[in-house]
Amino acid sequence: MTKNNIVQRFRMHVSVAPKLDMSVYVFWVDGLLIDTGPSNAQRQAAALFQQLKIDQIALTHHHEDHCGNLKYLLNQAKRPVFAHPRCAQIIKNPPKLNFLERRVWGNLEATDSVLPVDGVIETNRYCFESIETPGHSDDHLCFYEANEGWLFTGDLYVHHYIRYFIATESVAQQIQSLKALLALDFDYFYCSHSHLEALEKKLLQQKLQFFERFYGSVVGLHQKGYSERLIMKQLKMKERWPMRILSRGALSAVNMVRSVLRDEQNKKA
Ligand SMILES: [Zn+2]
């Protein structure tokens, strides 16, 4: 199966600095909207939502770039919203965002209208299976339409390698989640941040290999007694200081190393 005209993809973008735009994609298929985009792109979102027939909404996870326009959308018209039970809880009282998150994506307004998904979301013509895929966040779901071979991967892929992490992310969990997805039958997948429309399955495999190699390297160097700083130096990782400072440490390269060390601790415990 190649790209199709049934799944529609829409880019929402925010201007962070001159010549620096950040994008997130939302998807629409048969009345189902997957994610709502960030509130800093609300004007684009409002114009888009007016054109689309939205019967129901599915959320991949609670992050503000995916759920920022949910409250707005529900204020326009009530529709069922489905997400991971944990996501439904979090959105009732969202965590305070750091400066960078607010500046880039904008706020996430609380709502108690999110329903815990019960395994599948049905539209008139399709049936989407919700697949628990923790690691980027605890409440992360992917949506899979088995008959059509469509897979929506939220933030699990983003790119086949990455250079920084949110402080709470887990490499080990993302490895398990990627393995679970790779066991499914599909040729292409849809990512919330990649500029490519439909991505080949082999890219998801590459992401898994990247994480497995990274995990192994960090563990190996740690066992040799290397400090966090020396592990980063050895792996040629560069800290992104402006991002780390503006996010108060929520986003940084060192978080990737810390994630592996934490995962190893958890394995032993
Ligand atoms: Zn995210």
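1. In this predicted model, the element that gives the most to the lining of the second largest pocket is helix α7, residues 201–223, with 3 residues. The space in this pocket amounts to about 210 Å³.

2. The lining of the second largest pocket consists of Y161, I162, R163, F210, F214, S217, L235, K236, M237, K238, A253 and M256. By residue class, this lining divides into 8 nonpolar, 1 polar and 3 charged residues.

3. Across the whole structure, a search finds 12 aromatic pairs. One of them joins F128 and F152, whose ring centres are 6.2 Å apart; the planes stand at 55°, so the pair is classed as tilted. This pair links distant parts of the chain, with F128 in strand β8 (residues 127–132) and F152 in strand β10 (residues 150–152), 24 residues apart. F128 and F152 are both buried.

4. Another pair is formed by F165 and F211, with ring centres 6.1 Å apart; because the planes lie at 65°, over the 60 degrees required, the pair counts as edge-to-face. Here too distant parts of the chain are linked: F165 belongs to strand β11 (residues 165–166) and F211 to helix α7, 46 residues apart. F165 has a relative accessibility of 0% and therefore counts as buried. F211 is likewise buried, its relative accessible area being 0%.

5. Which residues do ring pairs link into a cluster? The cluster contains F27, Y126, F128, W150, F152 and Y190. The tilted pair of F128 and F152 thus has both its residues in this cluster.

6. The charged end of R9 sits over the ring of Y25, at 4.0 Å from the ring centre. K201 lies over the face of F186, and the distance to the ring centre is 4.7 Å.

7. Is T133 buried or exposed? T133 is located in the loop between β8 and β9 (141–145). Its relative accessible area is 0%, so T133 is buried. A polar atom of the T133 side chain lies 3.4 Å from the backbone nitrogen of C142. C142 falls within the residue range of β9, 141–145, and this contact therefore runs from the loop residue to the backbone of that strand, the separation of 3.4 Å being within the 3.5 Å limit for a polar contact.

How values were computed. Residues numbered from 1 in each chain as written. Predicted model: local features only at pLDDT ≥ 70, side-chain atom pairs only at ≥ 80, totals over all residues. Heavy atoms only, no water. 1 Å grid on protein atoms, 1.4 Å probe; cavity = no way out; pocket = protein on both sides within 12 Å on 5 of 7 lines; lining within 4 Å. Points joined across faces, edges and corners; volume = space filled by probe spheres on them. Helix = DSSP H or I, 4+ residues; strand = E, 2+ residues; numbered from the N terminus. Nonpolar A, V, L, I, M, F, W, Y, C, P; charged D, E, K, R; others polar. Phe/Tyr/Trp six-rings, centres within 6.5 Å; stacked < 30°, edge-to-face > 60°. Buried < 20%, exposed > 50% of the residue type's maximum accessible area, 1.4 Å probe, protein only. Lys NZ or Arg CZ within 6 Å of the ring centre and 35° of its normal. Polar contact = N/O pair within 3.5 Å; in protein donor to acceptor, adjacent residues only side chain to side chain.
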